[in-house]
Amino acid sequence: MLRGSSATLRILAHGTRHVSPQFSTSAFAASTQPNAALNLDPSLKALLQDIDISLTSHKHITGRGPPRELETVVIEDLEGAEDVEDSVEDHSERSDHRKSPAARFGSKKIGAVVMPTELQKSITALIDASDKIQLHSDATRLFFDESEGWDHAYDVKYRSRKQGARHSDRDGTAFASVVLPAHYSAICAVLHQVQHRLGPQWNIQRVIDWGAGTGSGLWASMNTFQKPNSASEEPRLSTSNIFMYLGIDKREGLVAIGKRLLRDTDLGALSATWQKSFREDDIIKRTEGHDALALSAFMLSTLQTPLARKKFVKELWESGAHTIVLIDHKTKAGFQNIAEAREYLLEMGRKELNDPETADWPVRGAHVVAPCPHDGTCPLYSGKSVSLVCGFSQRLQRPPFVRLTKHAREGHEDIEYSYVAIQRGPRPSTVGEGSSTQMGSVGRVGAVGREEAERIRLKEERVTKELVLDADHIEAKHEVEATDRTTADIVPAEDSEEVEAALRHEAFHWPRLVFPPLKKSGHIIIDACTPEGKIMRLTIPKSQGKQPFYDARKSSWGDIFPHPPKNRPQERFQPPRTKGEGGSRGEDIGKRTRGRDHPKGEKSYSNIGEALKERKKASRRDRAVQKEAFALLTER
């Protein structure tokens, strides 16, 4: 009964709230209305009047929820908004400075690559002049595999010249809209890494690009090496520091598309030419090759025979450029091509050092700038087969034309690649060369280390103050001064430029993470390529210190790690060098060892099940033997 009454009151209250303002419970006021008058109980009238008063006097506060994504938000207090932005930037800067300067140097990367506006406009104009349906069909035919998805390898063979001439323009447009952005991002990442390692003195002004294609190497090098006064602006070809570019490629269709992309672009002082082969008069003198770069991106995989690849690499070496950069796909075949080219280039550098005729040359020999911390044999390459691949990944923010051509929803894509950067001259030597456990101590303390040092100082200060209060321990004042000097030594005031120069020199001997680290609660496991030329497992526990542990926890795949491990590192993989020689297979690289996950003597359900089956079989055999023995006894 009470529930029915309350429901009736709610209905009446709702009706009184939404009728016209002239509504009244009196018969006189209701006579002018089209509805008949209501004869209500006086107590109910009083209740309804109270409800009217409470509803009309109540202020409705419509609280606005948080803004949705891509929704325009009007900010009334601009000063407050600026304060919020500044606080966010300060917070990100403080979180970055919690790492040590050495760890920041080793983990500095380019981030997600965004294609420059000039290149996006050129490719968009090229696509607008073509058939969109045909473009998607060509892109799917060339670069899409139903089992593996989109691929960036390009190896097209035409049955005749007429077919090649008919399809070259369409295939070049598909290449520029699908493959060029991915190749551009990978080349930018490699050049940025090499530039970071070599420093501002590495000033490139001339580029020779083997396998130029549609110009991914041209755009990447031009946007990487910008003039100092234009560093704050968006990179443009007209503000580049490069004045000479030579592209070498026999694929006329791709080269024609590359030239069309530069047609309406301001090149500034750049002189760009294309050839089908490298000529003898293009060789640069050794004394003038310090500002020249020999670049080849994703070209080795298109050469079918080892002899052709060897001849190709020799041509890069004889070009005279002091820096050679080779990039290929992160596949077993691509990594094997890079490893063979690396070995051949270093071998030619060693021959120069041992040749008495080259004693008067200004620059002799060669060393690896990146990614290897040594010039020895690659520990992942045995010379015949490859079981593990040394490669890296770079993210690209997809432009609109890439998403439309691929019919893709994601706004980004990742391209995986293997590379090697080699420079003429000997490798810079540091203290502790050839040992990953003997490195410098410059820039090893960040905000985490300073906080830890401050806590230690305050703790020791409290102890020494307690000792000073005692008359028998007056000499403890000298201990306070000694403690202050110790903490000052732990966190010295260092000049940023001098520290960066010292770190750049030391970084040639830091281990590089060739696999993602394993991050546990109490320790970090790092599988890295070390200066000894081995794949070693470095374990950084919490007990080693807060700063090394924090730096290891924030490390990622592809970084170089500055801190030596607390305990002796373990060799994880060594391929066989000679026939019949054994070597560890390396399935556990980047994973925990099976012995730690399943300790010796630990039982599992599979083992228990197998043991029970064996027992059943044994009992059946025993029963059969007993039956046979009993039958023989009864017959006797």
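**The salt bridges and their surroundings**

Mentor: Among contacts between residues at least 6 apart in sequence, 76% join residues at least 24 apart in the protein chain; contact here means heavy atoms within 4.5 Å. Before we go on, a word on where all this comes from: it's a predicted model, so local features need pLDDT of at least 70 and side-chain atom pairs count only at pLDDT 80 or more, while totals for chains, interfaces and linings use all residues. Residues are numbered from 1 along each chain as its sequence is written, and side-chain values use heavy atoms, with hydrogens and water left out.

The protein chain has 19 helices and 15 strands. Of its 636 residues, 41% are buried. Buried means under 20% relative accessible area, exposed means over 50%, and partly exposed is in between, with a 1.4 Å probe and protein chains only.

Now for your salt bridges. Side chains of opposite charge can pair when their charged atoms come close. The rule used here asks for a side-chain nitrogen of Lys or Arg within 4 Å of a carboxyl oxygen of Asp or Glu. By that rule there are 21 salt bridges.

Start with arginine 98 and glutamate 451, whose closest N and O atoms are 3.2 Å apart. This pair links distant parts of the chain, 353 residues apart: arginine 98 sits in the loop between α4 (78–97) and α5 (101–106), and glutamate 451 in helix α14 (residues 447–469). Arginine 98 is partly exposed at 28% relative accessible area, and glutamate 451 is partly exposed at 36%.

Next, pick out arginine 444 and glutamate 506, which meet in a salt bridge at 3.0 Å, N to O. Distant parts of the chain are linked here too, 62 residues apart, with arginine 444 in the loop between β10 and α14 and glutamate 506 in helix α16 (residues 496–506). Both arginine 444 and glutamate 506 are buried.

Then there's arginine 398 with glutamate 410, where the closest N and O atoms are 3.8 Å apart. Arginine 398 counts as buried because its relative accessibility is 15%, while glutamate 410, at 45%, counts as partly exposed. The pair belongs to a network of salt bridges that links Arg398, Lys406, Glu410 and Glu413.

While you're at that spot, look at histidine 407, which is also in the loop between α13 and β10. Histidine 407 is exposed, with a relative accessible area of 57%, and its phi is near 55°, a positive value in a residue other than glycine. Most residues other than glycine have a negative phi, and most peptide bonds are trans. Phenylalanine 298 also has a positive phi, about 60°, and is found in the loop between β6 (292–297) and α11 (306–317). Phenylalanine 298 is buried, at 6% relative accessible area. As for peptide bonds, a cis one joins alanine 370 and proline 371, with omega about 0°; proline 371 is in the loop between β8 (366–370) and β9.

Glycine 111, in the loop between α5 and α6 (117–128), is 7.9 Å from glutamine 394, C-alpha to C-alpha, though 283 residues separate them in sequence. Leaving aside neighbours within four places in sequence, glycine 111 is in contact with Gln394 and Arg395.

Lys613, Lys616, Lys617, Arg620, Arg621, Arg623 and Lys627 form a positive surface patch. Patches take residues with over 30% relative accessible area and no salt bridge, joining like charges within 9 Å and nonpolar side chains (Val, Leu, Ile, Met, Phe, Trp, Tyr) within 5 Å. Lys and Arg count as positive and Asp and Glu as negative, with His and the chain ends not counted.

Conventions:
Accessible areas come from the Shrake-Rupley method with a 1.4 Å probe; for residues, only the protein chains shown count as cover. The place of a charge is taken as NZ of Lys, CZ of Arg, CG of Asp or CD of Glu. Helices (H or I, at least four residues) and strands (E, at least two) are DSSP runs, numbered from the N terminus.
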